[in-house]
Amino acid sequence: MNKVGIVGYGNTSFTKDDDKIESILHKSANQLFKKNPEIDKKQIDAVLVSTNNNSKYLSPILSEMVGIQPKIAHSIESLCNSGTNSIVSAFSYISSGLADMVLVSGAERFDSPGQILEWDNSRGEFKHPIFWASIFSKSYKQKFNVSEEDLAIVSVKNHKQAQKNPNALSKKTYSVEDVINSKKLTEDLRLLDCSRPCSGGASIVLASEEISKKITDTPIWISGIGQKTTSAGFTKNESLFSMNSSKQASASALKMANKNISQIDVAEIHDAFSVCEPMALESMGFTNQGEGMSLVKNLHETNNFKINSRGGLIGCGHPLGATGISQTIEIVQQLQQSAEGRQVDKPEIGLVHNMSAAATSSTVLVLEK
Amino acid sequence: MNFEEELTKGNFAIPECVSCKKIIWPPAEFCNVCYNETCLKTGQFTGKIIEYSKQNEEYFCMVEFLDSFRLMAKINDKPQIGQIVKITKCGILNGNYFFQII
């Protein structure tokens, strides 16, 4: 399989702004080309757009706006893991030889239709994600004797880390008491336990090994990819306190990269809700089952930014189609040691975990210098 | 019989394959094992509460039926994990299925 590198990126701030989806897409792609003049856009063979927005023909529109006439142009939608799935598609085009260089742009508006999966009627009238998150939280707390104060630390940590990220939606730090006393959405979920929908964009350029080495001295290689979809419906999840799709996706990605989880120096974890962070850490093997919160607490108390250095979805905001790309950009910055105030100490290997619809589908990437 | 037509009338019927008898949930026209058509099985089905939480004064539960499939339903009184329940009211409201259990 041909090697595939990440050679450039651009992203917008995550906001509540009422911008058109085309404008959000254009902004991050424009920033990418402005910051990386060594990328010759005439060499871009494919433009992939990651979004849940209902607007039509976004990839050809973006191509025209940035002045590219690609061979391949289309959108990719897979709810919250659209971003990493688009990166996997770009990887596949390049590693198969169908393309040498691909632009992947993700964008979403704060009012994205991707927040609700209408098809999943097994959820009855409880289709909003806060309901599956409440069931996961209740089940996880009960199974592992975890309190809501414990879970609140995820939000405290990730809002704290987001303050070092100029693009994050969160501009405030919170205490455990602030989280517990924030609006009670359900018996098991407070407002500050949730990532917030927002507007935002993120773009990345992937290239073949030969082109990557010509463009930059510091390409970041995608060495492992794992994907698993167990169902579309939330009620098909066999376990309500672990993430089976994440477990399988990370095992595949690590196997492909010939690495084990203890070698991961920095990771972006899909913390759509507080409970998702310990569940994902345990399911992927960062720690034993039931010990995810101990790991999170330790990282928080030692001010270690290893997990969700950009602030996670809770601190950054969650513009669905852009999230997986933004997570990937964060790991690229970490490995290139350009993450400034968020920088983890000399990381060599990073991991991205991006999932959809109550962990019914997960995508995991392993990135290396 | 169509699942949604029955649900609209307040009847909860379970879709199963006419050939291999597998229960197909969420409801679909065809079996995902043998690809034959599905039909509706009627009756008074009991389910078991797997998990629950509460919003305002309303409890919402995940309920498992026939050791086979699960759905989200609401219940008035505080539920217990493992509690055996049955659907007392169901239908389609604003495009969403709803299920009330007791």
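The following dialogue explains how to read several features of a predicted model.

Mentor: In this predicted model, local features need pLDDT of at least 70 and side-chain atom pairs count only at pLDDT 80 or more, while totals for chains, interfaces and linings use all residues. Residues are numbered from 1 along each chain as its sequence is written, and chains are lettered from A and ligands numbered from 1 in the order in which they are written.

Trainee: Is Lys21(B) buried or exposed?

Mentor: A residue is buried if 20 or more other C-beta atoms, placed from the backbone, lie within 10 Å of its own, exposed if 12 or fewer, and partly exposed in between. Lys21(B) has 12 such atoms within 10 Å, so it is exposed. Lys21(B) also lies in the loop between β1 and β2 of chain B, and its phi is positive, near 70°, though the residue is not glycine.

Trainee: How many residues does each chain bring to the contact?

Mentor: Two residues are in contact if their C-beta atoms, placed from the backbone, lie within 7 Å. Chain A contributes 18 residues and chain B 17 residues. On the side of chain B that touches chain A, β3 (46-55), β4 (58-65), β5 (69-75) and β7 (96-101) each supply at least two residues.

Methods:
Helix = DSSP H or I, 4+ residues; strand = E, 2+ residues; numbered from the N terminus.
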